[in-house]
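Q: Could you walk me through this one? I'd like to go over the packing first and then a couple of single residues.

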Amino acid sequence: MSHLVAPSLLAADFANLQRDIEFVNESDADWFHLDVMDGVFVPNISFGMPVIKAIAQHAKKPLDVHLMIVDPDRFLEAFAKLGSNILTVHIEACTHLHRTLAAIRSLGMKAGVALNPHTPVESLSEVLHDLDLVCLMSVNPGFGGQTFIERTYEKVRTLRAMANKAGVNFHIEIDGGVTASNATALVEAGADVLVAGSSIFRAANPSEATTTIKNA
Ligand code: DX5
Ligand code: ZN
C-alpha cells in the first residue's frame with residue numbers, strides 16, 4: 001500500500017480557509033492534518049474547536065487532529081464530537097497514556113501518540129498494541145516551516161522494527177520539515193503517513209507538490 005499524505009492546514013491561508021480545504025479535497029492528499037496548540041505545551045497558539053468545526057463542514061477526507069496541549073484528557077470527547085477521525089496526543093503531556101489511548105478508541109477514533117524529537121521510540125514499548133498511529137516529530141513542535149531533524153530516519157527504522165517484532169501494524173507518521181526531497185527516504189525507512197505544511201501550501205503549485213510527495 002502506498003503511503004498517505006496529510007497536508008497541515010497550519011500553513012493554509014486562514015483568510016481563504018474554505019478555498020484551501022477544497023484544494024485538499026480535490027488533491028491527491030489523503031487526510032487533513034490539524035494542529036491544535038495551547039501556548040503551554042508548545043510556545044505558540046494555533047486554533048481550536050470553532051475552527052475545526054468549520055473545517056469539518058467542508059472536509060471530505062479524514063481529520064487527523066494533532067493535540068499539542070497539556071492534559072488532553074479534558075477534551076477527548078469534544079474532539080470526537082467535532083468529527084476527528086484520528087486523535088493524537090503527546091506522550092510528554094500524558095501521565096496515564098494507556099488510559100488516554102483507550103479513551104480515544106472508546107470514543108470511536110483512531111488513537112495516536114506523538115513523540116518530541118528528544119523522546120526515544122522505546123518509551124512506547126508497553127503500548128504498542130494500544131495505538132493506531134505514532135507521530136514522530138521531526139521538528140520541535142510549535143511552528144511550521146522548520147528544518148527537518150535528520151536523526152528521525154533512525155527513529156523510524158527502530159520503531160518499524162519494534163512494530164514488526166510485536167506483530168502489530170500501526171501508522172508511522174512524520175511531522176515537520178517534510179519535503180519532496182526527504183519523502184522517499186522516510187517511506188523507505190518505514191514511515192507511511194507524511195505530514196506537510198509549508199512544502200505544500202508555500203509551493204508555487206500546491207496540487208503538484210502534493211502529488212510529488214504522494215508519489216515519492
Ligand atoms: C508543528 C506541527 C506541524 C507543522 C508542519 O508543530 O505539528 O504539523 O504544521 O509544518 P511544516 O511542514 O511546515 O514543517
Ligand atoms: Zn502536526
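**Packing and single residues**

A: This is a predicted model, and a place to begin is Leu9, which, leaving aside its neighbours within four places in sequence, is in contact with Phe14, Leu17, Ile21, Val24, Phe32, His33, Leu34, Ile55 and Phe201.

Q: Which residues touch the most other members of the largest nonpolar core?

A: Leu9, Leu124 and Ile174 do, in a core that has 62 residues. Helix α5 (residues 152–166) supplies the largest share of this core, namely five residues. Another core lies apart from it, with 11 residues that include Leu4, Ala6, Met137 and Val139.

Q: Switching to α1, which of its residues are buried?

A: Leu17, Asp20, Ile21, Phe23, Val24 and Asn25 are buried in α1, and the buried residues of this helix pack against β1 (4–7), β2 (32–37), α2, α7 (198–201) and α8 (206–214).

Q: At what angle do the axes of α1 and α2 cross?

A: The axes of α1 (residues 17–26) and α2 (residues 49–58) cross at roughly 45° and come within 10 Å, and because of that angle α1 counts as oblique to α2. The crossing of α1 and α2 is right-handed. On the α1 side the contact is made by Leu17, Gln18, Ile21, Glu22 and Asn25, and on the α2 side by Val51, Ile55 and His58.

Q: How do the residues of that contact divide into nonpolar, polar and charged?

A: In the contact of α1 with α2, four residues are nonpolar, three are polar and one is charged.

Q: New topic: Thr88, buried or exposed?

A: Thr88 counts as buried, because its relative accessibility is 1%, and it is found in strand β4 (residues 86–90).

Q: And what does Thr88 touch?

A: Not counting residues up to four places away in sequence, Thr88 touches Asp64, Val65, His66, Leu67, Gly112, Val113, Ala114, Leu133 and Cys135.

Q: Last one: what is the phi of Asp71, and where does Asp71 lie?

A: Asp71 has a positive phi of about 50°, although it is not a glycine, and Asp71 lies in the loop between β3 (63–68) and α3 (76–81). For background, most residues other than glycine have a negative phi.

Q: Why is Asp71 classed as partly exposed?

A: Asp71 is classed as partly exposed because its relative accessible area is 38%, which falls between the cut-offs of under 20% for buried and over 50% for exposed.

Note on methods. Residues numbered from 1 in each chain as written. Chains lettered and ligands numbered in written order. Predicted model: local features only at pLDDT ≥ 70, side-chain atom pairs only at ≥ 80, totals over all residues. Heavy atoms only, no water. Axes fitted to C-alpha atoms, helices over the stretch in contact; angles between N-to-C directions. Helix = DSSP H or I, 4+ residues; strand = E, 2+ residues; numbered from the N terminus. Parallel < 35°, antiparallel > 145°, perpendicular 65-115°, else oblique. Left-handed = near helix turned anticlockwise from the far one by under 90°. Contact = heavy atoms within 4.5 Å. Nonpolar A, V, L, I, M, F, W, Y, C, P; charged D, E, K, R; others polar. Core = buried A, V, L, I, M, F, W, Y, C linked by side-chain atoms within 4.5 Å. Buried < 20%, exposed > 50% of the residue type's maximum accessible area, 1.4 Å probe, protein only.
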